[in-house]
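Look over the sequence and model, then read the points below.

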Amino acid sequence: PVITPNKDLPFLPCYCSNMRRILTSNLRERNVRASRRYQSNVAVQLDYYMSPQFGGLAAAVVNGLYDDLDVTFLPTCPVGLEQARVREYQSQNATSTCVGSVEQNIFIPTLHADPSLKVKAVAAMFNQSPLCIASIAELKEGMTIGAHEDTVDLLERIFPRSTVIASPRATKITDLTEGKLDGIQAYTTTEVPTLRRQLGSDPMVVPLEGLNGTKLGYSQTIFASEESLQDDRRAVVSAFLEATFKGWEIVINDPEEGIKMVREAQKALGLDDESNDHWFDSAEYQVEMLRECNGFVQGTSKDGKLGVINPERWNEASNWLLENPNTVKDFGLDPSLW
């Protein structure tokens with residue numbers, strides 16, 4: 001297997017290409033043993049198109065870290081339906097291992113409203129949400145904020161004196177700059193750098209985490225069907241997570257090469273962007289975006305291991321999201337797998 005040229009996995013005491021090959025080969029050997037023993041393919045439902053926010057997965061694809069796990073990426077789905085798509089796939093493919101990604105602020109209310117989805121979070125790629133409201137002028141009471149369909153209720157709660165409407169994510173920046181919206185749901189990793197380039201100056205940004213006590217929890221949470229966390233498939237999910245976060249180590253170590261891997265993964269998987277207006281077409285922008293994402297990923301590190309969810313933080317966010325201080329402990333979480 002090929003690892004990022006001229007770079008090494010982080011946290012290693014020496015920069016040795018042979019050592020990289022040995023470590024990656026060992027990982028693949030463990031993965032193939034898991035795949036052959038458990039005879040379970042892995043279906044992955046991302047909550048967005050392949051982009052720098054999935055840099056670690058892209059690196060795992062390009063460097064062959066998933067090959068022996070028989071990983072299939074499912075078509076991108078409408079916002080908010082990630083858990084339902086995993087449940088649907090699992091129901092139709094009983095022996096498969098099914099995982100997905102979504103924000104905790106979407107995952108928890110959705111699962112609470114429909115426990116039949118039967119999914120549990122196992123890890124997180126971002127330690128907190130980059131969700132924010134971006135605007136050209138300062139937001140004031142009564143202004144209109146455009147949000148994704150699955151985030152309208154959340155923003156209405158945070159901004160009770162503003163008008164929050166569901167708006168197309170593909171045209172959000174155009175709608176803002178043309179004055180159709182006063183503010184838009186955005187991410188500090190994506191739309192904010194784009195607006196800075198389009199406007200020639202920094203837009204107004206209001207991060208949501210911590211705003212008036214807001215607790216959104218983790219972002220890019222990786223979850224699995226409950227069936228996938230039982231019997232032999234539990235080890236398959238663990239092997240998938242190990243490969244994913246090895247991929248993140250690669251792009252954290254070299255973001256420039258990481259962007260090349262994202263582009264290659266887009267071509268290989270057919271999960272390119274939706275021709276929206278919140279991407280800026282330049283390599284420099286993409287590297288900046290990946291660096292921003294890398295910072296959130298590094299925030300999940302515990303004892304040198306990326307992706308770890310702190311159950312206490314998870315529970316605090318779940319309580320806030322459900323407006324219930326007595327939410328069942330570890331609701332929607334398997335705290336012991338990763």
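**Loop and helix briefing**

The loop between β6 and α5 contains E149. The model is predicted. T151 lies in that loop too, with β6 spanning 144-147 and α5 spanning 152-158.

**E149**
- E149 has 64% relative accessibility, over the 50% cut-off, so the residue counts as exposed.
- Beyond its neighbours within four places in sequence, E149 is in contact with V79 and A166.
- P168 is 19 residues from E149 along the chain, and their C-alpha atoms are separated by 8.4 Å.

**T151**
- T151 has 3% relative accessibility, under the 20% cut-off, so the residue counts as buried.
- Setting aside neighbours within four places in sequence, I106, L131 and Q185 are in contact with T151.

**Helix α11**
- Helix α11 covers residues 311-321.
- Its buried residues are W314, N315, A317, S318, N319, W320 and L321.
- An α-helix has 3.6 residues a turn, so residues three or four places apart point the same way.

**Ends of α11**
- N310 caps the N-terminal end of α11.
- In this cap, a side-chain oxygen of N310 lies 2.8 Å from the backbone nitrogen of E312.

Note on methods:
Residues numbered from 1 in each chain as written. Predicted model: local features only at pLDDT ≥ 70, side-chain atom pairs only at ≥ 80, totals over all residues. Heavy atoms only, no water. Helix = DSSP H or I, 4+ residues; strand = E, 2+ residues; numbered from the N terminus. Buried < 20%, exposed > 50% of the residue type's maximum accessible area, 1.4 Å probe, protein only. Contact = heavy atoms within 4.5 Å. Polar contact = N/O pair within 3.5 Å; in protein donor to acceptor, adjacent residues only side chain to side chain.
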